[in-house]
Amino acid sequence: MIEDCTLENGPLLMIPGSHRGPVFDHHYEGYFAGAIDPVAAGLDLGKAVPITGKAGSITMHHVRLVHGSRENLSDRDRPLLLFGYVAADAWPLRADWFQDLESFNAKMVRGEPTLEPRLRDVPVRMPYPPAPHQGSIFENQKRVKGRSFAKMM
């Protein structure tokens with residue numbers, strides 16, 4: 001957290017254990033938006049836990065853990081910095097997620113490069129077609145209405 005994150009300035013909320021469930025549809029009006037319709041997914045947003053902390057705190061969670069931010073009700077911004085980590089043998093399913101093999105390997109923090117991706121029988125939903133104005137996850141979600149933790153708490 002770059003600045004203190006409180007209940008008032010839109011903390012990240014997570015639903016514990018949700019990463020062990022199904023992969024939810026993250027599309028809006030036919031395009032990938034990176035947002036879930038909580039009603040259609042049957043999610044109980046009342047189980048969401050707010051993640052607050054002092055500046056310098058970090059959070060780590062599984063990418064499939066249902067998470068989202070609450071509406072910022074304060075007069076302060078809530079800047080954040082996102083990092084994503086994967087295992088060396090967990091290749092992306094979309095080639096456009098990296099420029100070339102050299103750039104892919106250059107981002108490796110630990111482990112050895114490999115041309116043998118790990119394959120498991122796991123649920124997957126592809127993020128196609130991309131948002132009409134593809135950009136950051138926040139840019140992709142600008143069109144999405146009613147798919148957030150905005151009304152919580």
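A nonpolar surface patch is made of residues with over 30% relative accessible area and no salt bridge, in which nonpolar side chains are joined within 5 Å. In this predicted model, such a patch of about 640 Å² is made by Ile-2, Leu-81, Phe-83, Tyr-85 and Val-109. Ile-2 comes from the segment before strand 1 (12–14).

**Overall layout**

The chain contains three helices and five strands. Read from the N terminus, its elements follow the order β-β-β-α-β-β-α-α. The C-alpha trace spans about 45 × 35 × 30 Å along its principal axes. Of the 153 residues, 24% count as buried. The accessible surface of the chain is about 10900 Å², and carbon and sulfur atoms account for 56% of this area. Among contacts between residues at least 6 apart in sequence, 83% join residues at least 24 apart.

**Salt bridges**

Side chains of opposite charge can pair when their charged atoms come close. In this chain the count comes to two salt bridges. One of them joins the side chains of Asp-4 and Lys-54, with an N to O distance of 3.9 Å. Asp-4 sits in the segment before strand 1 and Lys-54 in the loop between strand 4 and strand 5, so this pair ties together parts that are 50 residues apart in sequence. Asp-4 has 33% relative accessibility and therefore counts as partly exposed. Lys-54 counts as exposed because its relative accessibility is 60%.

Asp-89 forms a salt bridge with Arg-118, and their closest N and O atoms are 3.0 Å apart. This pair also links distant parts of the chain: Asp-89 belongs to the loop between strand 5 and helix 2, Arg-118 to the loop between helix 2 and helix 3, and the two are 29 residues apart. Asp-89 is partly exposed at 24% relative accessibility, and Arg-118 is partly exposed with a relative accessible area of 37%.

**Aromatic pairs**

A search of the whole structure finds two aromatic pairs. In one of these, the ring centres of Trp-91 and Phe-104 are 4.9 Å apart and the planes are at 40°, so the pair counts as tilted. Trp-91 lies in the loop between strand 5 (67–69) and helix 2 (101–106), whereas Phe-104 is in helix 2, so the pair ties together parts that are 13 residues apart in sequence. The relative accessibility of Trp-91 is 24%, which means that Trp-91 counts as partly exposed. Phe-104, at 13%, counts as buried.

**Ser-18 and Arg-64**

Ser-18 is placed in the loop between strand 1 and strand 2 (27–28). With a relative accessible area of 11%, Ser-18 is buried. Leaving aside neighbours within four places in sequence, Ser-18 is in contact with Arg-64, Leu-65 and Val-66. A polar atom of the Ser-18 side chain lies 2.7 Å from the backbone nitrogen of Val-66.

Arg-64 is in the loop between strand 4 (49–51) and strand 5. Arg-64 and Ser-18 are 46 residues apart along the chain, and their C-alpha atoms are separated by 7.3 Å. Not counting residues up to four places away in sequence, Arg-64 touches Ser-18, His-19, Arg-20, Gly-21, Pro-22, Val-23 and Pro-123. A polar atom of the Arg-64 side chain is 3.3 Å from the backbone oxygen of His-19. Arg-64 counts as partly exposed at 27% relative accessibility.

**Arg-120**

Arg-120 is found in the loop between helix 2 and helix 3 (137–140). Its relative accessibility is 58%, so Arg-120 counts as exposed. Arg-120 and Leu-65 are 55 residues apart in sequence, with a C-alpha to C-alpha separation of 19 Å.

| Residue | Relative accessibility | Class |
|---|---|---|
| Arg-64 | 27% | partly exposed |
| Arg-118 | 37% | partly exposed |
| Arg-120 | 58% | exposed |

Terms used
Residues numbered from 1 in each chain as written. Predicted model: local features only at pLDDT ≥ 70, side-chain atom pairs only at ≥ 80, totals over all residues. Heavy atoms only, no water. Phe/Tyr/Trp six-rings, centres within 6.5 Å; stacked < 30°, edge-to-face > 60°. Helix = DSSP H or I, 4+ residues; strand = E, 2+ residues; numbered from the N terminus. Buried < 20%, exposed > 50% of the residue type's maximum accessible area, 1.4 Å probe, protein only. Patch = residues over 30% accessible without salt bridge, like charges linked within 9 Å, V, L, I, M, F, W, Y side chains within 5 Å. Areas by Shrake-Rupley, 256 points an atom, 1.4 Å probe, with all protein chains shown as cover. Salt bridge = Lys/Arg side-chain N within 4 Å of Asp/Glu carboxyl O. Contact = heavy atoms within 4.5 Å. Polar contact = N/O pair within 3.5 Å; in protein donor to acceptor, adjacent residues only side chain to side chain.
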